[in-house]
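Student: Could you help me learn to read a protein structure? I would like to start with the terms.

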Amino acid sequence: MLDRSELDSAGLIVIQLLLFVDDRPGSQETIGKIRSYLSNSNTPLWFNHLQVIEIRQQPHLLEHFRLVATPALIKITPEPRHTLAGGNLVNQLQKWYPRWIQAIQEQEHPSQEFREELQTSGYSAELLRLSDEIFKLQQEKTQLIDQLKFKDMVMEMLAHDLRSPLSAAFMAIETLEIAKSNSQMIKDLHVEKQMFQQARNQFRTINRMITDILQSSKNVDAQLSMHFNQLNLQSLCHEIIGQYKETTTQKTLLFDYDIPQNLPPVYADVNLIRQVITNLLDNAIKYTPKNGKVSLSVVHRTSQKMQVTIADNGPGIPEEKQELIFEGHFRLQRDQAKDGYGIGLTVCRKIITAHYGQIWVESEPGKGSCFHFTLPVYQ
């Protein structure tokens with residue numbers, strides 16, 4: 001690279017070019033053709049500086065230069081900036097390169113400002129590097145601000161949402177303690193069993209809340225800790241259904257389920273899928289009124305997919321909100337007075353997506369909601 005004094009003495013005009021390529025086989029051929037053309041096009045008064053950028057190594061530059069296709073060639077200097085993109089990049093360069101030179105040559109008496117810009121264009125690679133560093137720092141700053149906001153939100157939600165299940169569990173245990181210490185002691189074993197069940201259910205709710213926080217606290221690029229194996233959905237669903245019998249009985253809910261025999265196994269992480277089903281069932285039970293109905297069904301849709309559906313006849317979800325509920329920390333107006341902190345469904349989507357499945361909701365206000373998700377059949 002020529003320095004400033006060499007540029008001044010040689011009278012060179014520098015054309016600074018950035019070539020963005022991916023890892024497709026034809027990329028190296030494109031690079032070679034462009035270098036060959038630029039080399040053959042040089043004259044004593046022109047100096048082409050071509051910098052090749054592999055987007056896999058510097059993906060942030062795509063956003064920085066607002067590129068939507070590769071390969072792409074950007075003329076950085078002299079101004080104005082010009083972007084060429086597409087498969088016929090060499091042909092485009094052959095068309096536009098003479099025009100770039102002609103546009104500069106037509107400025108017979110360039111201003112001092114323009115001269116200085118041309119003379120310093122040899123340093124544009126260093127300026128670009130500094131610009132990239134600033135861009136990265138701005139991104140890191142934004143991420144840190146988001147993390148701090150998330151931490152404050154979690155602390156606020158924990159203070160509110162954990163209070164209710166903790167109080168309920170404490171009251172159940174305290175009732176048992178008082179009864180045991182009383183001379184009359186509990187003689188109704190059914191009541192004692194109910195108290196223990198209530199405490200256990202509340203502690204399960206607390207555990208799910210904490211699990212959701214830990215999962216959602218991972219950033220978008222973080223990988224879930226997953227252990228794929230053959231999973232028998234029939235057995236898992238029956239196991240989970242058994243855990244909710246007491247809860248649905250206390251709320252006088254009809255818990256209906258349709259799980260066919262001899263379902264093929266799916267390829268999944270049992271603990272994560274248990275978390276998804278439990279989360280969806282918790283929501284269904286929470287929003288279903290007394291004497292309402294909750295259902296769980298499994299359908300073998302195709303040779304590659306299994307579909308699980310959890311439905312309720314609660315208040316439903318407006319159509320315009322049905323996609324938003326899967327976004328981090330979004331809460332419907334109906335949720336403001338209820339426990340929960342709007343990240344459970346975000347975690348569910350993250351888990352199902354990691355299993356190469358889909359999750360969505362079908363709902364109508366006043367008529368309940370149906371949550372569906374798919375999983376790949378074990379091949």
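Tutor: Gladly! A residue is called buried under 20% relative accessible area, exposed over 50%, and partly exposed in between. Keep in mind that this is a predicted model.

Student: Is Glu 323 buried, exposed or partly exposed?

Tutor: Glu 323 has 45% relative accessibility, so it counts as partly exposed.

Student: What does the side chain of Glu 323 meet in a salt bridge?

Tutor: Here is the general idea: side chains of opposite charge can pair when their charged atoms come close. In this model, Glu 323 pairs with Arg 349, at 2.6 Å from N to O. Arg 349 belongs to helix H12 (residues 344-354), while Glu 323 sits in the loop between strand S9 (305-312) and H12, so the pair links distant parts of the chain, 26 residues apart. Arg 349 is partly exposed because its relative accessibility is 24%.

Student: How many salt bridges does a search of the whole structure find?

Tutor: The search finds five. One of them joins Glu 239 and Arg 274, with the closest N and O atoms 3.2 Å apart. Glu 239 is in helix H9 (residues 233-243) and Arg 274 in helix H11 (residues 270-287), so this pair ties together parts that are 35 residues apart in sequence.

Student: And helix packing? At what angle do H2 and H4 pack?

Tutor: Angles under 35 degrees count as roughly parallel. Helix H2 (residues 27-41) and helix H4 (residues 89-105) pack at about 20°, their axes 10 Å apart, and H2 and H4 are therefore roughly parallel to each other. Their crossing is right-handed.

Note on methods: Residues are numbered from 1 along each chain as its sequence is written. This is a predicted model: local features need pLDDT of at least 70, side-chain atom pairs count only at pLDDT 80 or more; totals for chains, interfaces and linings use all residues. Side-chain values use heavy atoms; hydrogens and water are left out. Axes are lines fitted to C-alpha atoms, for helices over the stretch in contact, and angles run from 0 to 180 degrees between N-to-C directions. Helices (H or I, at least four residues) and strands (E, at least two) are DSSP runs, numbered from the N terminus. Angles under 35 degrees count as roughly parallel, over 145 as roughly antiparallel, 65 to 115 as roughly perpendicular and the rest as oblique. A crossing is left-handed if the near helix is turned anticlockwise from the far one by less than a right angle, and right-handed if clockwise. A salt bridge is a side-chain nitrogen of Lys or Arg within 4 Å of a carboxyl oxygen of Asp or Glu. Buried means under 20% relative accessible area, exposed over 50%, partly exposed in between (1.4 Å probe, protein chains only).
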